[in-house]
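Open the model in your viewer and keep the sequence panel beside it. The tour below goes from one selection to the next and says what is there.

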Amino acid sequence: MIKSILVPLVGEAGDAAILEMAHSVANHFQAHIDALHVRKDPLQELAKLITGDGIITQVLWDALEEDAREHNDNAKRSFAKFCEAHDLHVLNAPHFDGGESASWLEVGGNLPAQLGARGRYHDLIVTGRDCLSAGELGDVLVRSGRPMLVCSKRKPPGPLFGTMAVAWKDTANSAHAMTAAMPFLAAAKQIVILSATEGQDNTSAMADADRIAVNFRWHGIEPEIRCLSSSDDIGQCLVDAAVRAGAGLLVMGGYSHSRAREFVLGGATRYMLEASDFPVLIVH
């Protein structure tokens, strides 16, 4: 069950879409949204801008401080507007009488590090592709150990809890993703399993999909199976198939080619976090 959701707000236009996606989830599960704003550190921003001669002007410092304040104020306004629009209770401690609620948390530090560490204490992280790079999103995924829902700017083909597409591969990561995503999958009206051949023949890929379909049936879910032809661009292939299915969400395991914390993302994972604009629930 999803009951606590962590949402980073950076004080930019994309915050609204992230909050609305979080609301769709929180409203369905009657969950709590923790809005996290990590204040910009003028010193860190300055380090990116210092020229070769190392000259720091007062004008530059003042501009960086003003930019940090502006992003902070924008994030607060977005949160307040969101809570007012959805008539949300703003709470600082858990309550047990039901209903969607929200809280505001403002801290200093590094956004990916804060999000990864604080994400461990939530059921779900909801974020966007604008506030973090693909590498940073991947790092949050590994650091937190929690499912991450990455929303899109554009409206997906279907509602969030309508049709859901599942990218299935015979790996432990896929199996872990299915378990973590089960609250979403159990709430969906239709599940479409997308099984890519990736070097297998269609018979083997279909057999793998049939086996996971049996597991879904034990949960009272009757899925549809679609076998995808092998492609060098498997990420785009998965998104195209999810669009054709009318899905509002794609569920997949997050793959990597390295066990290092700052890991190198696998092809399909990197595509979903970097190049795609389709909502994805991804689990490492």
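In which strand is isoleucine 225 found? Select isoleucine 225 and look at the strand around it: this is E9, residues 224-228. Keep in mind throughout that the model is predicted.

Isoleucine 225 counts as partly exposed, because its relative accessibility is 22% and buried means under 20%.

**Glutamine 114**

Next, select residues 111-119, which form helix H4, and pick out glutamine 114 within that helix. Is glutamine 114 buried or exposed? Glutamine 114 counts as buried, because its relative accessibility of 17% is under the 20% limit.

Show the side chain of glutamine 114 and follow its polar partners. The side chain reaches the backbone oxygen of glycine 108 at 3.0 Å. The side chain of glutamine 114 also makes a polar contact, at 2.7 Å, with the side chain of arginine 118. Four places separate these two positions in the helix, and a general point applies here. An α-helix has 3.6 residues a turn, so residues three or four places apart point the same way. Beyond its neighbours within four places in sequence, glutamine 114 is in contact with Val38, Val107, Gly108, Gly109 and Gly119.

**The second largest pocket**

By type, the lining divides into nine polar, five nonpolar and three charged residues.

**Two loop residues with positive phi**

Move to glutamine 30, in the loop between helix H1 (15-29) and E2. Its phi is positive, near 55°, although glutamine 30 is not a glycine. Glutamine 30 counts as partly exposed, with a relative accessibility of 34%.

Then select aspartate 87, in the loop between helix H3 (58-85) and strand E3 (89-90). Aspartate 87 is not a glycine either, and has a positive phi of about 50°. What is the relative accessible area of aspartate 87? The value is 69%, and over 50% counts as exposed, so aspartate 87 is exposed.

**Helix H5 and the cysteines**

Select helix H5, residues 134-144. Its buried residues are Ala134, Leu137, Gly138, Asp139, Val140, Leu141 and Ser144. After H5 comes glycine 145, with a positive phi near 70°.

Finally, select the cysteines. How many disulfides does a search of the whole structure find? The search finds zero. Cysteine 151 is in no disulfide: the nearest cysteine sulfur belongs to cysteine 131 and is 8.3 Å away, whereas a disulfide needs two cysteine sulfur atoms within 2.5 Å. Cysteine 151 is buried, with a relative accessible area of 5%. Cysteine 83 also counts as buried, at 7% relative accessibility.

Key:
Residues numbered from 1 in each chain as written. Predicted model: local features only at pLDDT ≥ 70, side-chain atom pairs only at ≥ 80, totals over all residues. Heavy atoms only, no water. Helix = DSSP H or I, 4+ residues; strand = E, 2+ residues; numbered from the N terminus. Buried < 20%, exposed > 50% of the residue type's maximum accessible area, 1.4 Å probe, protein only. Polar contact = N/O pair within 3.5 Å; in protein donor to acceptor, adjacent residues only side chain to side chain. Contact = heavy atoms within 4.5 Å. Nonpolar A, V, L, I, M, F, W, Y, C, P; charged D, E, K, R; others polar.
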